[in-house]
Amino acid sequence: MGLTRVPGLLFGGDYNPEQWPEEVWQEDVRLMAEAGVTMVTVAVFSWSRLEPAPGVYDFGWLDRVLDMLHAHGVAADLATATATPPPWLVRRHPEIRPVDAAGTRLEFGSRQGYCPSSPVFRAATVRLARALAERYRDHPALALWHVGNEYADHTAECFCEESARDFRRWLQERHRTLDGLNSAWGTSCWGQHYTDWTQVEPPRKAPGPVNPTQLLDWRRFSSDALLACFEAEREVLKEVTPDVPVTTNFMSVLRDLDYWKWAAAEDLVSDDAYPDPADPRAHVRAALSYDLMRSLKRQPWLLLESAPSAVSWRAVNVPKDPGVMRLHSLQALAHGSDGVMFFQWRQARYGPEKFHSAMLPHGGTRTRQWRETVTLGADVRRLAEVAGTTTEADVALLLDWDSWWGLEAPESMPSDRLRLHELLLGWYAPLHARGIAVDLAPPDRDLSSYRLVIAPNLYLCTPGQAANLAAFPGRLLVGPFSGVVDAADHVHDGGAPGPLRDLLGVRVEECRPIPDGGTQEVVTVDGTRLLARTWSEWLTAEDAEVLARYRGGPLDGRPAVTRRGAATYLSFLPEDPAPLLDEALAAAGITGVTGAGLPEGVEACRRGPYLFLLNHGTEPAVVPLPARTEPVTALPTAPPTALLTDLLTGRPLPVGPVTVAPRDAVVLKP
Ligand code: GLA
Ligand code: GLA
């Protein structure tokens with residue numbers, strides 16, 4: 001049994017039958033069967049159709065849709081339909097429309113136009129969720145609850161009066177007293193001392209840079225406010241249908257929401273992923289977000305939406321080349337998804353997404369797109385046994401939302417070139433190229449299952465997090481500008497690396513951002529030349545060995561990389577982290593899943609006993625597989641000389657290196 005009540009891997013997409021006459025529905029289910037669809041997401045934006053007037057429900061059409069789906073063996077990921085409040089609710093309560101930072105109240109006519117803190121909106125969503133749950137609690141098609149849609153899409157924050165009141169309540173809980181708030185926000189700076197709670201407002205557009213702690217608290221609050229919307233609905237669903245799993249679709253590596261907190265409130269993690277076909281490195285970015293999804297609950301997750309080909313919301317919407325939809329889908333499975341789902345089933349004829357690709361395009365079944373949809377459905381069926389299997393990673397990259405929010409405060413940092421997503425990718429990409437499984441982890445989780453932990457940046461670091469890192473027995477690599485501030489964004493006593501000082505044995509005297517395009521040379525003790533870009537530091541090694549020093553300029557001869565015990569500190573951003581990474585990997589005894597290097601563009605992932613080899617390139621790739629002749633940990637259940645079978649073709653592979661065709665994949669089973 002997989003994540004839902006549906007066995008095997010899920011296959012399907014968003015299905016919007018309310019946009020089509022009922023005659024078309026019969027064709028839909030017939031073609032769903034042809035493609036091997038097992039689950040569809042329904043009613044995501046259907047509130048105005050399901051509740052056309054306050055408390056007046058029209059479930060008839062949805063009854064027919066769910067009955068029809070069930071009769072054809074298709075399960076439903078049933079949305080609570082609360083992603084767009086209906087016009088009657090918005091006109092009755094215009095105050096539920098969100099307000100932007102400049103004070104403009106946004107009009108109806110798009111989607112997700114609600115203030116997350118609005119009690120009227122929340123109460124209305126809970127009523128609808130209850131009505132749906134009570135109506136469909138025993139419906140055999142119901143496999144999964146889909147709450148809201150892409151929280152923080154379009155509306156990540158609202159600056160209205162209601163939000164201001166909610167923010168004040170949140171602040172009172174966090175800081176208790178006005179003195180607590182004044183001290184945390186450092187209001188002695190720039191004359192912001194508050195004498196009454198009513199003076200405290202959201203960080204609306206102001207004449208100059210806004211108080212960074214106010215902004216940090218605002219980001220925490222905004223994530224929590226949306227989470228409260230999700231939780232209010234979840235509570236009702238759990239009360240009425242305790243056995244039906246609940247999810248909401250995440251948006252990959254997203255700064256707005258603290259997904260560690262969110263994932264804890266879900267039964268299963270699901271993600272919407274839209275790698276840009278125009279970006280040749282898109283699969284690396286996708287891999288990082290998939291590994292985040294897998295790490296959030298350390299269990300299989302679900303790719304709930306992806307594009308069969310082009311999207312419609314970029315400036316230029318490049319379609320996927322033949323084979324790429326299949327390859328990207330297999331990639332999600334390789335990284336732990338228990339299914340492949342799309343936006344959407346049938347391409348729309350109207351609305352803002354009429355040019356967004358779909359499993360079944362405008363041109364119908366006599367199209368390349370449809371043929372590829374059917375082929376992929378068959379592949380997903382062949383891989384059914386992969387469902388539920390997990391990945392063990394030796395390496396963790398640390399990710400903390402508080403720190404991310406602090407680091408990216410506008411207009412007040414030494415450099416605004418430090419962007420956390422890019423810093424993560426800087427380490428992730430070379431690990432990925434080496435076929436090394438990577439988890440993401442929060443800095444306060446038990447890290448003892450890893451052998452190497454990398455903190456690309458931990459700008460905000462609390463004493464508790466530092467103690468957790470100090471207790472970690474493996475190799476630790478800490479990137480620059482870490483341990484700078486505490487939870488209130490106040491610089492630690494004595495400066496960076498603050499609570500990490502004892503662990504790392506260094507003191508950062510000065511940050512020295514490097515101008516765009518500039519470089520600073522660094523040389524390791526064994527003579528390897530490295531190049532710093534973007535960032536360097538005036539570092540003092542107090543109780544640490546110096547592994548590399550700056551060469552030239554005002555930093556000439558000063559420490560650049562240090563080590564104390566198993567903890568390495570890197571005071572700059574390396575243009576190419578490979579030498580440092582390889583040293584850390586060797587010291588930790590970590591090799592890639594194939595036990596050898598990988599050709600350019602090839603991705604190798606292990607999931608349970610299965611080994612996925614994906615060739616993202618446009619030339620055939622020959623992948624050496626020493627795992628088949630030497631007993632390496634990669635395939636522990638395989639006797640050294642055993643033949644491997646490709647699950648996608650059912651064929652045993654001859655002994656020796658495996659050739660993977662361009663934009664193709666093999667899934668090896670011992
Ligand atoms: C001006 C302002 C100061 C301070 C500095 C920073 O001089 O008057 O308050 O903000 O800029 O450069
Ligand atoms: C997200 C949304 C969908 C749709 C797609 C288009 O996944 O959840 O409703 O808008 O984007 O790419």
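**Aromatic contacts and sheet architecture**

In the predicted model, Arg 346 lies over the face of Trp 20, at a distance of 5.2 Å from the ring centre. Aromatic pairs in the structure number 26. One of them is formed by Tyr 259 and Trp 401, whose rings are arranged edge-to-face, with 5.9 Å from centre to centre and 65° between the planes. This pair links distant parts of the chain: Tyr 259 belongs to helix α9 (residues 259-264) and Trp 401 to helix α13 (residues 401-407), 142 residues apart. Tyr 259 and Trp 401 are both buried. The two residues are also members of one aromatic cluster, which includes Tyr 151, Phe 230, Phe 250, Trp 260, Trp 262 and Trp 404.

Nine strands with parallel pairing make up an open sheet in the order β5-β4-β3-β2-β1-β9-β8-β7-β6. Its edge strands, β5 (246-247) and β6 (249-250), each pair on one side only. Helix α3 (residues 60-71) packs on this sheet, where β1 (10-15), β2 (39-42) and β3 (75-79) are touched by the helix. The direction of α3 makes about 170° with that of β2. Within the sheet, β8 (residues 301-306) and β9 (residues 337-342) are paired in the parallel sense over two bridges. Leu 303 has Val 340 of β9 as its bridge partner.

A further open sheet consists of five strands, ordered β22-β23-β28-β25-β26, and its pairing is antiparallel. Strands β25 (residues 644-646) and β28 (residues 665-669) run antiparallel and are joined by two bridges. Asp 646 has Leu 668 in β28 as its bridge partner.

Tyr 194 is located in the loop between α7 (178-185) and α8 (212-240). Its relative accessibility is 12%, and Tyr 194 therefore counts as buried. With neighbours within four places in sequence left aside, the contacts of Tyr 194 are Leu 178, Leu 181, Asn 182, Trp 185, Thr 187, Gln 199, Val 200 and Gln 214. A separation of 8.5 Å is found between the C-alpha atoms of Tyr 194 and Asp 179, which are 15 residues apart along the chain.

Definitions and conventions
Residues numbered from 1 in each chain as written. Chains lettered and ligands numbered in written order. Predicted model: local features only at pLDDT ≥ 70, side-chain atom pairs only at ≥ 80, totals over all residues. Heavy atoms only, no water. Phe/Tyr/Trp six-rings, centres within 6.5 Å; stacked < 30°, edge-to-face > 60°. Helix = DSSP H or I, 4+ residues; strand = E, 2+ residues; numbered from the N terminus. Buried < 20%, exposed > 50% of the residue type's maximum accessible area, 1.4 Å probe, protein only. Lys NZ or Arg CZ within 6 Å of the ring centre and 35° of its normal. Pairing = 2+ DSSP bridges. Contact = heavy atoms within 4.5 Å. Axes fitted to C-alpha atoms, helices over the stretch in contact; angles between N-to-C directions.
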